[in-house]
Amino acid sequence: MRLVLLGPPGAGKGTLCTTLKKSFDLLHISTGDILREEMKQGTKIGLEIKELMDSGNLVRDELVSEIVRNRLTENDKEDKAFLLDGYPRTLSQAIDLDKILEELNTPLDLVLYLESSPALIIKRLTGRRVCKDCGAVYHITNRPPKVEGTCDYCGSHELIQRKDDTEETITHRMAVYLDTINPLMNYYDAQKKVRRVDSDRDPEYVQKDLFKFLDEKRTTDSD
Ligand code: ADP
Ligand code: ZN
């Protein structure tokens, strides 16, 4: 299965991706994670993007598309299955992606779109904590770790708040998102690849809907 997961910041993409990639054996490509790693390592790219990311602005299209191209080219999963998370973010990136996929002869199957209301998002993001070592995502009230302050997956004691998860930056990221999402959705709607899911509900329901769409797709493809 070759998938794009779209939705505003705070719609629960991180958590859903963890489950999806395990259940469907997908190469998970999160441009946000990759870019944060570049910053952490202090690479040339990392230095270039630091200010943009900390303030919640988008990194330039050519740079992210190049990163995604490299990852997809190295994909060694069966059927070249992947899950793109946080990419494409703009129409220009979506066009880049189609070019890349055409070259690799691996067309996209579905675009999963998480619909969320802005008020909930602010609440979700200000309470979000991320494991510094493995990237697992928690929420102080909605999804705390089993043992306070300790990552369920890797045992790390560093559950931190992302620098761009302050209320001011979140509001800005939301505005950036609303600016770019419509052209992107029109593009994918025209390709009839979009499946919409109401992500204001509890993650287990959202997950159930997503699995339903993926199972349907698998069944029709094998007919
Ligand atoms: P969120 O979905 O919560 O905003 P991400 O981890 O997906 O968080 O992205 C964090 C930041 O990384 C963005 O605000 C932006 O600066 C940068 N970024 C990630 N993906 C892209 C992309 N596809 N295009 C441009 N910038 C990106
Ligand atoms: Zn961890």
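Predicted model: local features only at pLDDT ≥ 70, side-chain atom pairs only at ≥ 80, totals over all residues.
Biologist: How many residues surround ligand 1, and which helix gives the largest share of the shell?

Modeller: By class, the shell holds seven nonpolar, five polar and seven charged residues. The closest of the 19 residues around ligand 1 are Thr31, Asn57, Gly86, Gln93 and Arg173. Four residues of the shell, the largest share, come from residues 31-41, which is helix α2.

Biologist: What is the volume of the largest cavity, and which element supplies the largest share of its lining?

Modeller: The search of the whole structure finds one cavity of 30 Å³ or more, and the space in the largest cavity is about 90 Å³. Its lining divides into seven nonpolar, three polar and two charged residues, including Leu5, Lys13, Tyr87, Pro88 and Thr180. At least two lining residues come from each of β1 (2-6) and α7 (167-190). The largest share, four residues, is from α7.

Biologist: Is Thr180 buried or exposed?

Modeller: Thr180 sits in helix α7 and is among the residues lining the largest cavity. A polar atom of its side chain lies 3.1 Å from the backbone oxygen of Val176, and a polar atom of that side chain lies 3.4 Å from the backbone oxygen of Arg89. The relative accessible area of Thr180 is 18%, and the cut-off is under 20%, so Thr180 is buried.

Biologist: Is the peptide bond between Tyr87 and Pro88 cis or trans?

Modeller: Most peptide bonds are trans. Pro88 is in the loop between β3 and α5 (91-104), and both Tyr87 and Pro88 line the largest cavity. Omega for the bond joining them is about -5°, and the bond is cis.

Biologist: Which loop holds Asn105, and what is the value of its phi?

Modeller: Asn105 is in the loop between α5 and β4 (110-115). It counts as exposed because its relative accessible area is 66%. Most residues other than glycine have a negative phi. For Asn105 phi is positive, near 60°.

Biologist: Where is Asp25, and is it buried, partly exposed or exposed?

Modeller: Asp25 lies in the loop between α1 (13-24) and β2 (27-30). Its phi is near 50°, a positive value in a residue other than glycine. A relative accessible area of 44% falls between the cut-offs of 20% and 50%, so Asp25 is partly exposed.

Biologist: What is the volume of the second largest pocket?

Modeller: Asp25 and Glu78 are among the residues that line this pocket. The lining has three nonpolar, no polar and six charged residues. The space in the second largest pocket is about 210 Å³.

Biologist: Is Glu78 buried or exposed?

Modeller: Glu78 is in the loop between α4 (61-73) and β3 (82-85). Its C-alpha atom is 35 Å from that of Asn142, 64 residues away along the chain. With a relative accessibility of 64%, over the 50% cut-off, Glu78 is therefore exposed.

Definitions and conventions
Residues numbered from 1 in each chain as written. Chains lettered and ligands numbered in written order. Heavy atoms only, no water. Buried < 20%, exposed > 50% of the residue type's maximum accessible area, 1.4 Å probe, protein only. 1 Å grid on protein atoms, 1.4 Å probe; cavity = no way out; pocket = protein on both sides within 12 Å on 5 of 7 lines; lining within 4 Å. Points joined across faces, edges and corners; volume = space filled by probe spheres on them. Nonpolar A, V, L, I, M, F, W, Y, C, P; charged D, E, K, R; others polar. Near = heavy atom within 4 Å. Polar contact = N/O pair within 3.5 Å; in protein donor to acceptor, adjacent residues only side chain to side chain.
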